[in-house]
Every structure is written in structure tokens, then in C-alpha cells.
Amino acid sequence: MAQNRTPLRYPGGKQKLTPFVLEILKANNLEGGHYVEPYAGGAGVAMELLIAGNVSHVHLNDSSFPIYAFWNSVLTHSEEFCRRISRSLLNIEEWREHREIMKNPMNHSELDVGFSTFYLNRTNRSGVLSAGVIGGNDQSGKWKIDARFPRNELIRRIELIAGFHDSISLLNTDAEKVITDYIPTLPENTLIYCDPPYFEKASTLYLNHYAPGDHERISQIIQQQQRDKKWIVSYDGVNQILKYYEFRRKFLYELQYNAAKAYKGSEVFIFSDNLVVPRSSELPYISVALKANSRKLHQPAELAKLAMREAKFNSAKQLVCQQ
Ligand SMILES: C[S@@+](CC[C@H](N)C(=O)[O-])C[C@H]1O[C@@H](n2cnc3c(N)ncnc32)[C@H](O)[C@@H]1O
């Protein structure tokens, strides 16, 4: 049974998909290589793979400064960070102080912002930074502010991660820049996992999210800039996303995630053409989807068909542009 390695609670966090990502690494002889998340968030998959020794180096990027400040503080000030976890008071007064820091991050040190991000992530409903405190301002709810703040366990996770300091590279930039400028410098045995903000609902979950046109643009960048790279993408399985990746192999699956109300939605996994997709998974909900889509995912003829359709689509597009 996988252990939760990330100290963050993350809406839409993909930690529970780690066994499937590991199966992809194995099927493609990428174990022991590098692993990149251009949209890292809570980086649950990355931490679990690194700590278990399945990959040798992880590269994490998030354009949100508070998220970056959290990760960088954990790696560069781990002792002080853990001291703050031990000493922090779990009450509304302190919660308000952290909320104030988050309102004006530029007036505070990176460590202060990193710690406040963590504090609010652990004390707000569903880990959403802009949401209210668990139990409400009057703390009259069934669950109180400390319900998700197991100090010793969180300190243990942070100390463990800090020990991997030399195997973690952190960036705080736009994913587009990571894909175009940074990823080309990485070794060949690298797996890239793009988990962009959801197409729907993202504005209520994350401080940084995309407008509809951005999703289409980034889909083109992922598919064109990374033609010779090995990558996977996960998203909410809405029609627009399926269309942006229409020429790639993909499958829909059901993943229960918890953002206040447990919402059961269709998610999609998309694969670069050069990846071998595992035929089954230890995760039952993935295995069912893999088997249901077996022909589309595993037959070279299907891949050739998609490539042909893409070529036709591109030449038709060129013709329209020339007219
Ligand atoms: C779906 S979440 C990632 C969740 C992550 N896979 C996990 O398991 O915790 C998307 C993340 O992308 C970040 N983000 C949004 N827009 C971005 C951009 N243009 N470049 C990089 N990161 C971005 C958000 O701050 C958020 O943390």
C-alpha cells in the first residue's frame, strides 16, 4: 500500500496514481531516470517515486509563488520549518496571521510565505488556499482547525524529503517555458508528467489557472515541442480536452477526488506516441479502462491511423492558411 509522502493536501492531487506512473516507467525502461512535473502542486507522485528509489532525480515546477516558496523552504530551511510546525498554534488568531501573509506575500520572507502556504493548506477546507478554515471562523463545525494537522507525521514527511535535497530541482516559472527551454536539456531517460489545472473548476481550486484558450495553446506546445520526448498528460475528460489531443492515444477513467463535496468525474490520461502503455494496472479503476481501450492503446496500426489523420488535418489546415 502506497504511503502519502507529500506534506500538502492538494485538490486534484494525483498521489494515488503513483502505481500507474511506476508501471509506465517500467514498461518504458525509464526506472532510475529523471522525472519532471511542469505543474507540480503537491508533487505527490514525484515524492513517492523519488523516495522509493524508482527515479533518481525529480524536476518540479509550479508558477504559483506560494507553492514554490513552500517547496524551497522545505528543502533549504527544513529545520526551521519543522520547528515552526511544532510551535505553531492551531487557532483562528494564528490562521488570520497566515492569511494576511498570503495576501501580501511580497512583504514577507520566502520562508514566511512557504510556511503560511503550508499552514493554510493544512487548516483550510479541502486544502484550498482561498477557502475558509475547517470548522468555520467560530469553530462550531464537527471538524476543527487541527483536524488535518498531524504535527509529528508532517515533520517526518518534511525531514524525509529534505534528505533528498540533492535529487530535487525546483523551478518557479510558466510551464510553457519549462517545456520549451528546460526539458530539452534533460537526459533521454526522462518521463514528463503534465497535470495542468483542470479545464473546469480550476479557478476555485488553485491560485494559478488557465483561461480556455490557454489549454488549447499548451496542448499544442506539449504535442509539438515534445515530439521526441516521453510524456503523459492528465486532465478532466471534457470534450474540449479530448479534441485538443484527438491524435494521441488516451483513455478515460473515473477517479474519486475530494474538493469539499466528493465529486466523481471522468478524467483522461494521454500518452506521447513513443510510450509503451501498460496492458493492466494494480489500480483496478485504471486496469478496467486499459482493458476497455486495449485495441486503441496497444495496436501499432491504431497509432499509424492517428498519425495519418493528423497529417491530413495539418495539410488541410495549411491549405486554409494559404487561401
Ligand atoms: C492540477 S494541479 C497539479 C496537482 C499535482 N499533480 C498534484 O498531484 O498535487 C495544477 C498546478 O498547476 C499550477 N499552475 C497553474 N498554471 C500554471 C502555469 N501556467 N505554469 C505552471 N504551473 C501552473 C497550479 O498552481 C497548480 O499547482
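Arg309 is exposed, as 12 other C-beta atoms lie within 10 Å of its own. On this scale a residue is buried if 20 or more other C-beta atoms lie within 10 Å of its own, exposed if 12 or fewer, and partly exposed in between, with C-beta atoms placed from the backbone. The model is predicted: local features need pLDDT of at least 70 and side-chain atom pairs count only at pLDDT 80 or more, whereas totals for chains, interfaces and linings use all residues. Residues are numbered from 1 along each chain as its sequence is written.

**Strands and their pairing**

Helices (H or I, at least four residues) and strands (E, at least two) are DSSP runs, numbered from the N terminus. Two strands pair if DSSP finds at least two bridges between them.

- Strand β2 (residues 57-61) has four of its five residues buried, so the rest of the structure largely encloses it.
- Strand β1 (residues 34-37) pairs with β2 in the parallel sense over four bridges, and Tyr35 has Val58 in β2 as its bridge partner.
- Between these two strands the chain passes through helix α2 (residues 44-51), and the resulting β-α-β crossover is right-handed; that is, with the strands pointing away from the viewer, the path from the first strand over the helix to the second runs clockwise.
- β2 also pairs with strand β3 (residues 168-171), in the parallel sense and over four bridges; here Leu60 stands opposite Leu170 in β3.
- β4 (190-194) is mostly covered, with four of its five residues buried.
- β1 and β4 are joined in the parallel sense by three bridges, with Ile192 in β4 as the bridge partner of Val36.
- β4 in turn runs parallel to strand β5 (residues 230-236), and four bridges join the two; the bridge partner of Cys194 in β5 is Val233.

Two residues are in contact if their C-beta atoms, placed from the backbone, lie within 7 Å.

- Seven of the eight residues of α2 are buried, so this helix is largely enclosed by the rest of the structure.
- Those buried residues are Gly44, Val45, Ala46, Met47, Glu48, Leu49 and Leu50.
- Their cover includes α1 (18-27), β1, β2, α7 (151-162) and β4.
- Leu49 is in contact with Thr18, Val21, Leu22, Tyr35, Asn54 and Val55, leaving aside its neighbours within four places in sequence.
- After α2 comes Gly53, which has a positive phi near 80 degrees.

**Nonpolar core**

A nonpolar core is a set of buried Ala, Val, Leu, Ile, Met, Phe, Trp, Tyr and Cys residues joined through C-beta atoms within 7 Å.

- The largest such core has 65 residues, of which Val21, Ala46, Leu49 and Ile232 touch the most other members.
- Helix α3 (residues 65-76) supplies the largest share of this core, seven residues.
- In soluble globular proteins, nonpolar side chains tend to be buried together.

- Most residues other than glycine have a negative phi, and most peptide bonds are trans.
- Ala43, in the loop between β1 and α2, has a positive phi near 50 degrees; Ala43 is buried, with 30 other C-beta atoms within 10 Å.
- Gln139, in the loop between α6 (110-123) and α7, has a positive phi of about 55 degrees; with 14 C-beta neighbours inside 10 Å, Gln139 counts as partly exposed.

**Residue pairs separated in sequence**

- Ile85 is found in helix α4 (residues 78-87) and counts as buried, with 20 C-beta neighbours inside 10 Å.
- Not counting residues up to four places away in sequence, Ile85 touches Arg151, Leu154 and Ile155.
- The C-alpha atoms of Ile85 and Leu154 are 8.0 Å apart, while 69 residues separate the two in sequence.
- Arg309 has its place in helix α14 (residues 300-322); its C-alpha atom is separated by 55 Å from that of Lys144, 165 residues apart along the chain.
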